[in-house]
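User: I would like to learn how to read the features of a model one at a time. Please give me the general idea and then the case at hand.

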Amino acid sequence: MPFEMDRIGREHAQSLVVRAIGIASADYGDRPICVSICDADGFLIAFARADGAPVRGIEIAQGKAYSAARMGVSTSEFLARIHRENIAPAYFCDPRLTALPGGAVIRCNRRPIGAIGISGLTSKEDQAIADLLAEEAAPDRS
């Protein structure tokens with residue numbers, strides 16, 4: 001994948017979706033997940049719901065990717081901030097934000113180019129897959 005980019009492309013996003021489902025299958029007992037990839041502004045580029053993944057995971061995965069993109073940090077970092085500052089996500093005036101772990105920012109040379117959201121496993125497992133793929137997708141080269 002090229003690493004001098006300012007936006008994640010559709011083909012790259014689709015490859016991340018396939019990889020995420022493969023990781024869930026291989027490393028987490030073939031448990032089904034939903035995967036969303038969005039651009040740096042939080043707009044959906046790619047999505048998949050693995051066979052058997054709960055319907056509720058569709059919106060959750062999309063919300064995690066959107067939130068990571070809009071906040072510029074992983075959703076686990078967003079959750080930590082909310083706890084640390086004793087504030088609610090609603091204070092950010094965006095009803096689509098979620099602090100549920102499982103969202104990560106995809107960066108290239110420290111600049112956000114997209115985000116990934118995973119839903120279907122535990123929050124910790126969702127976050128682990130999102131973090132791994134965000135790093136693999138466009139590792140910082142600076």
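This is a predicted model: local features need pLDDT of at least 70, side-chain atom pairs count only at pLDDT 80 or more; totals for chains, interfaces and linings use all residues.

Analyst: Helices here are DSSP runs of at least four residues, numbered from the N terminus.

User: Which residues of H1 are buried, and which exposed residues does the face turned away from them carry?

Analyst: Buried means under 20% relative accessible area, and exposed means over 50%. The buried residues of H1 are His12, Ala13, Leu16, Val17, Ala20, Ile23 and Ala24. They cover an arc of only 145° around the axis, and therefore lie on the same side of H1. The face turned away from that buried side carries the exposed residues Glu11, Val18 and Ala26.

User: What do the buried residues of H1 pack against?

Analyst: Their partners are the strands S1 (34-39), S2 (44-49), S3 (103-108) and S4 (111-119), together with helix H4 (123-137).

User: How many aromatic pairs does a search of the whole structure find?

Analyst: The search finds one aromatic pair. The rings of Phe78 and Phe92 have their centres 5.3 Å apart, and because their planes stand at 70°, the pair is edge-to-face. Distant parts of the chain are linked by this pair, since Phe78 belongs to helix H3 (residues 75-85) and Phe92 to the loop between H3 and S3, 14 residues apart. Phe78 is buried, at a relative accessible area of 2%, whereas Phe92, at 25%, counts as partly exposed.

User: Where do the charged ends of Arg70 and Arg96 sit?

Analyst: The charged end of Arg70 sits over the ring of Phe43, 5.8 Å from its centre, while that of Arg96 sits over the ring of Tyr66, 3.9 Å from the ring centre.

User: How many disulfides does the structure hold?

Analyst: A disulfide is a covalent bond between the sulfur atoms of two cysteines. The structure holds zero disulfides. Cys38 is in none, and the nearest cysteine sulfur, that of Cys34, is 15 Å away.

User: Is Cys38 buried or exposed, and is Cys93 buried or exposed?

Analyst: Cys38 has a relative accessible area of 2% and is therefore buried, whereas Cys93, at 71% relative accessibility, counts as exposed.

Terms used: Residues are numbered from 1 along each chain as its sequence is written. Side-chain values use heavy atoms; hydrogens and water are left out. Buried means under 20% relative accessible area, exposed over 50%, partly exposed in between (1.4 Å probe, protein chains only). Helices (H or I, at least four residues) and strands (E, at least two) are DSSP runs, numbered from the N terminus. The arc is that of the directions from the helix axis to the C-beta atoms. Contact means heavy atoms within 4.5 Å. Rings of Phe, Tyr and Trp (its six-membered ring) pair if their centres lie within 6.5 Å; planes under 30 degrees apart count as stacked, over 60 as edge-to-face and the rest as tilted. A charge sits over a ring if NZ of Lys or CZ of Arg is within 6 Å of the ring centre and within 35 degrees of the ring normal. A disulfide is a pair of cysteine sulfur atoms within 2.5 Å.
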